Amino acid sequence: MARIIAIANQKGGVGKTTTAVNLAASLAICERKTLLVDADPQGNATSGVGVRKDQLRYALYDVLIDGRPASDVILTDASLPYLDILPATQDLVGAELELVERRERERVMRRALEDARGSYEFILIDCPPSLGLITLNVLAAADGVLIPIQCEYYALEGISQLLNTIKLVQQNFNASLAIDGVLLTMYDSRVNLCRQVAADAKEYFGARMFPTVIPRNVRLAEAPSFGKPILLYDIQSVGAKSYLAVAQELVRRVEGATLIPRSLPPVSGEVPAVSIEGDA
Ligand code: ATP
Ligand code: MG
């Protein structure tokens, strides 16, 4: 049974999609059967794994609004046998509006993923940059939330709003929703501000912080224009190694420390700061 993880932060451009795509690919490389669900009308996760949006017959809209089975819409990724994708297109903007009229409108995503759940070990859902009905649906469907935080001014502003939304979802639709992790993205240890954001986030989230941070890495920014996760674009890059390390930590958290990992590729070399504290 898959663990369903929402990648959420209503702030735009903080690395949600980059995290969803590259974490999904990293889990797949670790032989965890993974489904990447694109729940953002921008469709960046879809194009980020090389799916041509203009050639899609069906997408998430058809699953949520027309009740088409997810299995009809899910695509396999020829280059990563353990990775599947449930794509999104701009139509999804309409779903946000059409869902308003529905009975139990916050539970549509949960029902839509019920059948697929048995076929995967991880389902990662890339959320749009809002706390609208689609994000509520994702949170109501998820077991855990992964919050990417960009190291920038006002990084933590808005986080309390996200945490309030998570609380609301826990109280009303999904009591067992957990925070699976908080991930610092676009980290640059040379920048004082980054270290300050890391320290503040660590104080706030404690053990929920991932010990690995994602550095600012140009290869991570380039890979989407080739329609490839970083692992298939430049496996030697610090970005690839960092997301692999986060995937391994996620597997550890979800499956338990005692489980012997299946064929995890060794992560070595320039993985950034394992401890974000005192990172001078
Ligand atoms: P949105 O809210 O619009 O959906 P997002 O939170 O999904 O945005 P991304 O699209 O993942 O954010 O990232 C925003 C931009 O920053 C993209 O151009 C992406 O390529 C770039 N980016 C993300 N992470 C990194 C990184 N670690 N290093 C360099 N560039 C990055
Ligand atoms: Mg995005």
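A: Start at tyrosine 58: the charged end of arginine 68 sits over its ring, 3.8 Å from the centre. There's another arrangement of this kind, with arginine 253 lying over the face of phenylalanine 210, at 4.4 Å from the ring centre. Keep in mind as you look around that this is a predicted model.

Now for rings that meet other rings. A pair of aromatic rings is described by the distance of the centres and the angle of the planes. Searching the whole structure turns up 3 aromatic pairs. One of them joins tyrosine 153 and tyrosine 154, and it is tilted, with 6.4 Å from centre to centre and 50° between the planes. Are these two tyrosines buried or exposed? Tyrosine 153 counts as exposed because its relative accessibility is 61%, and the cut-off for that word is over 50%. Tyrosine 154 is exposed too, at a relative accessible area of 59%.

Another pair brings together phenylalanine 226 and tyrosine 233. Their ring centres are 5.0 Å apart and their planes meet at 25°, so this pair is stacked; planes under 30 degrees apart get that label. Phenylalanine 226 has 53% relative accessibility and so counts as exposed.

Let's go back to tyrosine 153 for a moment. You'll find it in the loop between strand S6 (144–150) and helix H8 (159–172). Tyrosine 153 and cysteine 194 are 41 residues apart in sequence, and in space their C-alpha atoms are 8.8 Å apart.

While we're on loops, have a look at the backbone of two other residues. Methionine 186 has a phi near 55°, a positive value in a residue other than glycine. It belongs to the loop between strand S7 (178–185) and helix H9 (192–205). Glutamate 104 also has a positive phi, near 45°, and it isn't a glycine either. Its place is the loop between helix H5 (92–99) and helix H6 (108–117). With a relative accessible area of 38%, glutamate 104 is partly exposed.

Last stop: ligand 1. Which residues come nearest to it? Out of the 18 residues around ligand 1, they are Lys16, Thr17, Thr18, Pro215 and Asn217. That shell divides into 7 nonpolar, 7 polar and 4 charged residues. Helix H1 (16–29) and helix H10 (218–222) each supply at least two of the shell residues, and H1 gives the most, with 3.

A backbone N or O atom of glycine 13 lies 2.9 Å from an oxygen atom of ligand 1. Glutamine 42 uses its side chain, where an N or O atom is 3.2 Å from an oxygen atom of the ligand. For aspartate 40, a polar side-chain atom lies 3.5 Å from an oxygen atom of ligand 1. As for the ligand's own surface, it has 620 Å² of accessible area when taken on its own, and the protein covers 80% of that.

Methods
Residues numbered from 1 in each chain as written. Chains lettered and ligands numbered in written order. Predicted model: local features only at pLDDT ≥ 70, side-chain atom pairs only at ≥ 80, totals over all residues. Heavy atoms only, no water. Helix = DSSP H or I, 4+ residues; strand = E, 2+ residues; numbered from the N terminus. Buried < 20%, exposed > 50% of the residue type's maximum accessible area, 1.4 Å probe, protein only. Near = heavy atom within 4 Å. Polar contact = N/O pair within 3.5 Å; in protein donor to acceptor, adjacent residues only side chain to side chain. Areas by Shrake-Rupley, 256 points an atom, 1.4 Å probe, with all protein chains shown as cover. Nonpolar A, V, L, I, M, F, W, Y, C, P; charged D, E, K, R; others polar. Phe/Tyr/Trp six-rings, centres within 6.5 Å; stacked < 30°, edge-to-face > 60°. Lys NZ or Arg CZ within 6 Å of the ring centre and 35° of its normal.
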